[in-house]
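Please study the sequence and the structure before reading the solutions.

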Amino acid sequence: MSFVFNDWLRSFTDLIYPDSDVPNKLVELKEPFCQQCEEPYATAGLLPHTCWNCRGRSWALDTIRAAYVSQYGVREAIHGFKYEQKSYYLPYLLDWLTEGYSRFYEGQNWDAVVPVPLYATRQRERGFNQSRELAKGLCKRMKLPFIDLLRRTRKTLIQAKLRRSERIRNQRKAYELKSGFDVQGWRVLIIDDVFTTGATTDACAGALLKEGAKSISALTVARG
């Protein structure tokens with residue numbers, strides 16, 4: 001499946017699809033939150049501290065950020081695009097991803113913007129990689145360097161069905177740098193649709209860090 005990233009697509013889908021399919025009731029992720037993984041603090045005004053998701057954990061990522069909470073219209077749009085191939089949700093997802101980029105990362109210099117790869121059989125089943133479409137769209141909008149650097153070395157279990165510790169184990173050694181690339185000293189931004197514990201994007205970062213990347217961050221549309 002291929003997608004067109006023209007600006008008119010958003011207006012076109014607004015005309016074609018009923019209001020019930022237009023994502024609404026969005027919950028933006030705002031501070032105060034954990035500066036590593038964006039876990040919101042339960043009580044406003046707390047001093048920065050290690051959140052439950054980061055406690056006892058060593059990160060390959062410098063930071064991971066998402067624009068919105070994976071609820072309501074955001075969750076519906078992600079699931080519709082990813083699992084039901086409702087391509088008219090893509091412009092909304094790109095709008096939100098771009099908002100997140102502008103909020104957290106604009107003005108930083110990146111050597112590469114990289115999608116989280118799918119395992120080959122899963123991508124054939126789905127027909128596309130949603131992370132790749134999002135990364136390509138963001139790069140086109142923001143004039144960033146899109147480079148598909150990573151490959152998935154094995155098929156992993158579906159993260160949504162696993163507990164935190166299982167998610168981290170599930171993604172270990174599941175990614176590697178594609179042959180022909182040298183990322184020594186690079187600053188890389190990893191793109192995915194959603195994160196909960198950050199295990200997937202952190203495993204991708206670990207593969208890049210192993211190959212000499214200098215700094216790696218991640219951005220997703222939503223946080224689960």
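**Exercise 1.** Determine which residue F195 stands opposite in strand 6.

*Solution.* Step 1: F195 stands opposite R223 in strand 6. Here strands (E, at least two residues) and helices (H or I, at least four residues) are DSSP runs, numbered from the N terminus. Step 2: strand 5 (residues 187–195) pairs with strand 6 in the parallel sense, over eight bridges; two strands pair if DSSP finds at least two bridges between them.

The model is predicted: local features need pLDDT of at least 70, side-chain atom pairs count only at pLDDT 80 or more, and totals for chains, interfaces and linings use all residues. Residues are numbered from 1 along each chain as its sequence is written, and side-chain values use heavy atoms, leaving out hydrogens and water.

**Exercise 2.** Identify the bridge partner of A66 in strand 6.

*Solution.* Step 1: strand 1 (residues 63–69) runs parallel to strand 6, and six bridges join them. Step 2: within strand 6, A66 has T220 as its bridge partner.

**Exercise 3.** Is strand 6 largely enclosed or exposed, and why?

*Solution.* Step 1: buried means under 20% relative accessible area, exposed over 50%, and partly exposed in between (1.4 Å probe, protein chains only). Step 2: strand 6 (residues 215–223) is largely enclosed by the rest of the structure, because nine of its nine residues are buried. Step 3: for the chain, buried residues make up 51% of the 224 residues.

**Exercise 4.** State how many helices and strands the chain has.

*Solution.* The chain has seven helices and six strands, and their pattern along the sequence is α-β-α-α-β-α-α-β-α-β-β-α-β.
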